[in-house]
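The stops below are given in the order in which to select them.

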Amino acid sequence: MPKVDVLDTEPAYRPSEDEDFMNERQREYFRRKLMAWKEEILRESRETVAHLQAETENHPDLADRATSETDRALELRTRDRQRKLISKIEEALRRIDEGSYGYCEETGEPIGLARLDARPIATLSLEAQERHERRERVHRDD
């Protein structure tokens with residue numbers, strides 16, 4: 001008999017503050033969320049590569065050519081950002097496996113479930129992230 005997955009039987013499962021933080025169910029929830037996000041990015045990348053390969057036409061009009069090159073550059077920049085995002089997703093999956101996922105790298109305190117749900121690759125709690133951004137802003141203004 002095949003193993004029945006708890007998350008499959010409860011598709012509306014959302015981690016809750018009433019549960020133990022980062023219990024098995026929550027870890028599996030975030031693992032699936034990260035894997036689905038990674039798959040979506042990889043699918044989009046494959047579509048982009050196919051689109052860029054298909055669109056090799058030489059536009060006789062300079063304006064059309066410039067528009068096409070701008071679109072291509074923007075698409076490649078977007079894919080580069082997404083490649084970096086995949087690295088962060090893989091790092092989050094590694095933290096799930098190690099048991100450190102969901103805890104702030106700076107303070108060791110749990111990162112809020114709402115923050116993790118919105119940004120599953122978060123490594124800092126909201127407070128630590130705000131401190132980090134304030135420090136960046138101060139140094140940027142110098």
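Start with Asp-80 and Arg-83, which form a salt bridge (a side-chain nitrogen of Lys or Arg within 4 Å of a carboxyl oxygen of Asp or Glu) with the closest N and O atoms 2.5 Å apart. An α-helix has 3.6 residues a turn, so residues three or four places apart point the same way.

This is a predicted model, in which local features need pLDDT of at least 70 and side-chain atom pairs count only at pLDDT 80 or more, while totals for chains, interfaces and linings use all residues. Residues are numbered from 1 along each chain as its sequence is written, and side-chain values use heavy atoms, with hydrogens and water left out.

Colour by pLDDT (the predictor's confidence in each residue, from 0 to 100). The chain average is 86, and 87% of the residues score at least 70. Over residues 1–7 the pLDDT is below 50. Where pLDDT is low, the predicted coordinates should not be read in detail.

Now select all of H3, residues 62–98. Helices here are DSSP runs (H or I, at least four residues), numbered from the N terminus. At 1.5 Å times one less than its number of residues, H3 with its 37 residues should span 54 Å, and its end C-alpha atoms are 54 Å apart, which agrees. Gly-99 follows H3 and has a positive phi, near 90 degrees.

Move to Gln-26 in helix H2, residues 24–54. Is Gln-26 buried or exposed? Its relative accessibility is 0%, so Gln-26 counts as buried (under 20% relative accessible area; exposed is over 50%, partly exposed in between, with a 1.4 Å probe and protein chains only). The Gln-26 side chain reaches the backbone oxygen of Ser-16 at 3.4 Å.

Finish with Asp-117 and Arg-14, whose side chains meet in a salt bridge at 3.3 Å, N to O. Asp-117 lies in helix H4 and Arg-14 in the loop between H1 and H2, so the pair ties together parts 103 residues apart in sequence. Asp-117 is buried at 19%, whereas Arg-14 is exposed at 52%.

Notes. Contact = heavy atoms within 4.5 Å. Helix = DSSP H or I, 4+ residues; strand = E, 2+ residues; numbered from the N terminus. Polar contact = N/O pair within 3.5 Å; in protein donor to acceptor, adjacent residues only side chain to side chain.
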